[in-house]
Amino acid sequence: MAKAAYARDALAKMMYERLFQLVVKRVNTAVEVNVTDGTKQMAMSVIDIYGFEVFGVNSFEQFCINYCNEKLQQLHIELVLKREQQLYKDEGIPWVQITYFNNEVICSMIDVHPEGMISILDEECLRPGADDDKRVVIHMDKTFQKHDHYSSHGTGKKEMKNAVEFEIKHYAGVVKYNITGFMDKNKDTQFQDLKRLLYNCNMSTLKEMFPEGANPITDITKRPTTVGTQFKNDMIELVDTLQKQEPHYVRCIMPNANKMPREYDEEMCLNQVKYLGLVENMRVRRAGYAYRMTYERFVKRYKLICPDTWPSFKCTARQACEKIINFYHLEQLVSYGKTLIFIRTPKTLYYFEELREAKIIKYISVLIQRWVRGHLARLLVKKMKAAYLMFLRFRKLKVRHWINELCATYHGCELMPDFGKSIPLPSNVPVVLKKAVVLVEKVRQNWIARRKILALSPADQYEMRLKVHAYTELAGRKPHWRFQEKWIGDEFSMPEKNRNHMQFQQAMRAFQDLNADTARLYSAYVTKLSRAGKGERRIYVLCDLHLYRLDESCTMKTKGPIKLGEIKAITMGSGNDQALVLHCVPEVGDCVFYVDPQRPVAEFAFAVWFTFLRKYKQKLPVYITNEIKYTPFQKLECTLQLEATTATQKPTFKQTGKNSTTLLWPN
């Protein structure tokens, strides 16, 4: 029966606690202001806390309530007394320090970890075995034996019951506590079976009050926080919240203990005035200043009452404040801090406000004139904006009409033979589109050029790309590069150009399979400069990965391919010669030759250049000169001179020195 009665009481307390929390949650939700426009949210909270409780028998409840009052008194000391005096000290205001009782030592005795009273109570509750409240007092006797604010039978106060009663000397007075029931109330056992029972009922409110009842019965939950520790954490959180705000205190005095009207207990009231710290508070307020504000705010509000600061002043805000105070001879009623001005009496502040109101009436006519002029100016601006808006819309209308005419003019031009090249742009171009018309014409020409290029065959498109790149690199540098001729590409694969084309293709297919080449892009006869300084006729074939050098005989025996990545630069002559030098890595050596006159040398050069660009995404340097420096394989640097002459009928290499050769070209 005892256990059943205990479970009943635990259930009643648990339901009362959860219901109270639910009401608080719903009230907070109902009054919450959700700000979505980014403005600062302002809120006001009211905390109503009853004072100290001192009964005939004081238990765990009175212990918690009195601890709450100790924490709030500590906050009051910190915010009102300590900070007020610290402000005067920081601002450099002369101040006589007022002594007051700081109850921080009492708060630390109760809530400090791990030697506070609440921590001792939690420690005893965790011990195995039956609860024995006396262990708590014995433990506290050992811990606080020499503490000035704690006493019990074990510390020498023999009139108290041994291991049952203890006293705490609060700032409001001495309170005797009875330890009986402390451990049981601190545990506040909540049975998990009862939580599951209430959660599984049909009432939605109970389901909301006990959400943990949904957890499976096999779940292992950690030990719940004790009532004392939870109360201590709530108080610490409350104090932290209040320290971030600006609290104002309303102190209530209870006139009598009988709760009767027109009955005044003087001793009881004086005792409350004492333990509420009102005496020290009034001493600080009387000795201090009634009002304080920053120099900038003071000048902004009261500068119009002094001719030295109105309408503007050329000094610091503090100097402007001194001018206002000195003008009315109020130096004895204010003090100047580092950042604030302190006004001793409210009467002085009221005097400033009266002067300000009188000046405002004087300047009100000027203010009205300013408003009227501003109103007229705004009307004028509205008219100007309307006129400008009409102008913009009319201009947009003209632009829209011209664009519609442009679209109608070139409608269907993609079906014309010249793609609309012969059709001029519409006249009467709006002024705002003068610069845009240049871009439109450029876009039209680019479009026509692209359509013409797309109409070409793949081979012609490839030839066009080579000539465009050649023009970009050779324009103004090599005048005779024969762009008007047909560039035929792979000459030796064409039956009409090569009688042995089948043998050539069979040999090249074997070379390509060996070196993983997939396409032949160019082939032609060239005359290569040998190591002996003489010209040797060769066939050069360009593929997508290698440049092949073949014999002129039908066997077409290879001389070793050159990888495209081994080519570093290209050099050509500036005249109508066909000379070409491929600068390669030292392991390969530079290749010096001239292309047969029937084929443009620019075609060979830019077939290599464009293939390299597509493969490696970078451009080969192209040099134009008549004195070419080159380095053969395993030799020193040599020079090739290009000379046009009438003394020869065909191109000839002539050795003119140990490291010098001249290419004689028919003029």
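The model is a predicted one: local features need pLDDT of at least 70, side-chain atom pairs count only at pLDDT 80 or more, and totals for chains, interfaces and linings use all residues. Residues are numbered from 1 along each chain as its sequence is written, and side-chain values use heavy atoms, with hydrogens and water left out.

Now for the salt bridges (a side-chain nitrogen of Lys or Arg within 4 Å of a carboxyl oxygen of Asp or Glu). The count comes to 19. One of them pairs Lys71 with Asp111, with 3.5 Å between the closest N and O atoms. Lys71 sits in helix α2 (residues 60-91) and Asp111 in helix α3 (residues 104-111), so this pair ties together parts 40 residues apart in sequence. Lys71 counts as buried because its relative accessibility is 11%, and Asp111 counts as buried at 14%.

Asp111 also turns up beside Lys232: leaving aside neighbours within four places in sequence, Lys232 is in contact (heavy atoms within 4.5 Å) with Tyr67, Asp111 and Ile118. Lys232, in helix α9 (residues 227-244), is buried yet has no salt bridge, and the nearest side chain of opposite charge, Asp122, is 6.2 Å away.

Elsewhere, a network of salt bridges links Asp460, Glu463, Lys467 and Lys486. Within this group, the side chains of Lys486 and Asp460 meet at 2.9 Å, N to O.

How values were computed:
Helix = DSSP H or I, 4+ residues; strand = E, 2+ residues; numbered from the N terminus. Buried < 20%, exposed > 50% of the residue type's maximum accessible area, 1.4 Å probe, protein only. Lys, Arg positive; Asp, Glu negative; His and termini not counted.
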